[in-house]
Amino acid sequence: MLLKIKKCWKLIWGNEMGKSSFKIKNMKIRLAKNKKELEDIFRIREIVFIKGQRVPRKRERDEFDKSAKHVIVFYNKKPIGCARVRFVHKKAKLERIALLKEYRNKGLGKMIMDYLINYCRKKKSKEIVLNSQYYIKDFYRKCGFKTRGKIFMDAGIKHIEMYLK
């Protein structure tokens, strides 16, 4: 399936070991396949959330990691980003979306979101929700999400719920 994306990025969807994935030049986004990739995801989350934003380790790693679907992002075969998806009552919840600092502001976050949105739609989710850190809500708006509710604190950081139908 070919997708249209601004800035003339070519996304080629494939089927790798029965799981959705896509490649853009030297970038690949797909579901994690093994324990090593899950360890890479936790390492990225440690760098971004625990060290970078001082989120307590007990808060960042939780009981949902066991049941969630984990997405890993590679650039030149190096793990550089990740996300977690949970499905609850026909809704998909996007969580722990992270990209290493040196890869931000290059359009890669948009590609990750496109992958996540399409993955959730393939799973027939009626709604996709996420709790955005407040400072980055405009990025998610550009991806089609709308804000809902009031600002709240999570791990000492301002957040707001966002959704996409």
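Student: Let's start with Asp-65: does it count as buried or exposed?

Tutor: Asp-65 counts as buried, because its relative accessibility is 9%, and the cut-off for buried is under 20%. Keep in mind that this is a predicted model.

Student: Which residue forms a salt bridge with Asp-65?

Tutor: Here is the general idea: side chains of opposite charge can pair when their charged atoms come close. In this structure, the partner of Asp-65 is Arg-84, with the closest N and O atoms 2.7 Å apart. Arg-84 belongs to strand 6 (residues 78-88), while Asp-65 sits in the loop between helix 2 (57-60) and strand 5 (69-75), so their pairing ties together parts that are 19 residues apart in sequence. Arg-84 also counts as buried, at 1% relative accessibility.

Student: What links Asp-65 and Arg-84 to other charged residues?

Tutor: A network of salt bridges does, and its members include Arg-45, Glu-60 and Lys-93.

Student: How should I read the salt bridge of Asp-138 with Arg-141?

Tutor: Look at the spacing along the helix. Asp-138 and Arg-141 are three residues apart in helix 4 (residues 137-142), which means about one helical turn separates them. Their closest N and O atoms are 2.9 Å apart. Asp-138 is partly exposed at 41%, and Arg-141 is partly exposed at 39%.

Student: How many salt bridges does the structure hold?

Tutor: It holds 21.

Technical notes. Residues are numbered from 1 along each chain as its sequence is written. This is a predicted model: local features need pLDDT of at least 70, side-chain atom pairs count only at pLDDT 80 or more; totals for chains, interfaces and linings use all residues. Side-chain values use heavy atoms; hydrogens and water are left out. A salt bridge is a side-chain nitrogen of Lys or Arg within 4 Å of a carboxyl oxygen of Asp or Glu. Helices (H or I, at least four residues) and strands (E, at least two) are DSSP runs, numbered from the N terminus. Buried means under 20% relative accessible area, exposed over 50%, partly exposed in between (1.4 Å probe, protein chains only).
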